[in-house]
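The sequence and structure are shown first.

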Amino acid sequence: MKFIDAELISQAVAGLCVKANTCVGADIHAALAAARGRESSALAVMVLDTIIENAGAAMREGLPICQDTGMAVVFVTIGHNVHICGDIDEAINEGVRRGYRTGYCRNSVVRDPIRRENTGDNTPAVIHYGFAPGAELRITVAPKGFGSENMSGVRMLSPSDGLAGAEDFIVETVRAAGPNPCPPIIVCVGIGGTMEKAALLSKQALLREVGGPPHPDPFWADAEARLLARINETGIGPAGFGGVTTALGVHIIAYPTHIAGLPVAVNIGCHATRHQTAVL
């Protein structure tokens, strides 16, 4: 059995909050550079150059990539042979408090969705727990800005709508979003389960490597490629100024569902989709 003190979790989460908000992943850097090479529009190239320059400056200076440093979404996988010494929920939220303070990150969380009083420290985080064999505690912090989050959606389709109906809904969601989620975007999709399961799958799909290995199921790999082509044909382009790069990638996670249902959730990530992971 591996014992992990709650204070170590707070320290890890604080560091992840800072790193995630100041460092764009190498996969997104590479995808942005490749997109720049494909663009023929001078305005699209200028926008991509500005995005790339901004990401580099944020990393060099240790300052947030974007003024919207998001709501902290935390994915935690607890090994079966791990024992947490203390309150893990409080440890994670304490880490968010420290990280957002030391990283000069904006506090964007309100205590009540209607009365709108700011909590002042960007807590509480949204925490998702999972379990796995072994003696590791894996923590991923994925700050989610609401320029992109607000453009996401869920639709309960009929099984008769099939893949074509699901793809139409996904493209429709991107078209409706337009420039609001700060394209080029990452379009992440959860299909199956129930309403809330599909939404969670779509958020988890944001953690996949952009430009990484294709979906292991050729059926879904084909769907991802087809959707990426359709989305980039919309002409929305970088920052909504037109071009051939509206999305850097499409990621799908499918899950079993009820015979009467076809839940589809779309979670959109902006060009500064952020996540960092630590293993204790």
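The text below describes a pocket and the cavities of the structure.

The model is predicted: local features need pLDDT of at least 70, side-chain atom pairs count only at pLDDT 80 or more, and totals for chains, interfaces and linings use all residues. Residues are numbered from 1 along each chain as its sequence is written, and side-chain values use heavy atoms, with hydrogens and water left out.

On a 1 Å grid over the protein atoms alone, a cavity is a set of points where a 1.4 Å probe fits but cannot get out, whereas a pocket is an open set with protein on both sides within 12 Å along at least five of seven lines; lining residues have an atom within 4 Å of a point. Grid points are joined across faces, edges and corners, and a volume is the space filled by probe spheres set on the points.

The largest pocket holds about 280 Å³ of space. Its lining comprises 18 residues, of which His128, Glu149, Ala199, Lys203 and Asn267 are the closest to the centre. Helix H7 gives the most to this lining, with 5 residues (helices, H or I, of at least four residues and strands, E, of at least two are DSSP runs numbered from the N terminus).

The whole structure contains 2 cavities of 30 Å³ or more.

| Cavity | Volume | Lining includes |
|---|---|---|
| Largest | about 50 Å³ | Ala142, Lys203, Leu206 |

Strand S5 (residues 137–144) gives the most to the lining of the largest cavity, with 3 residues.
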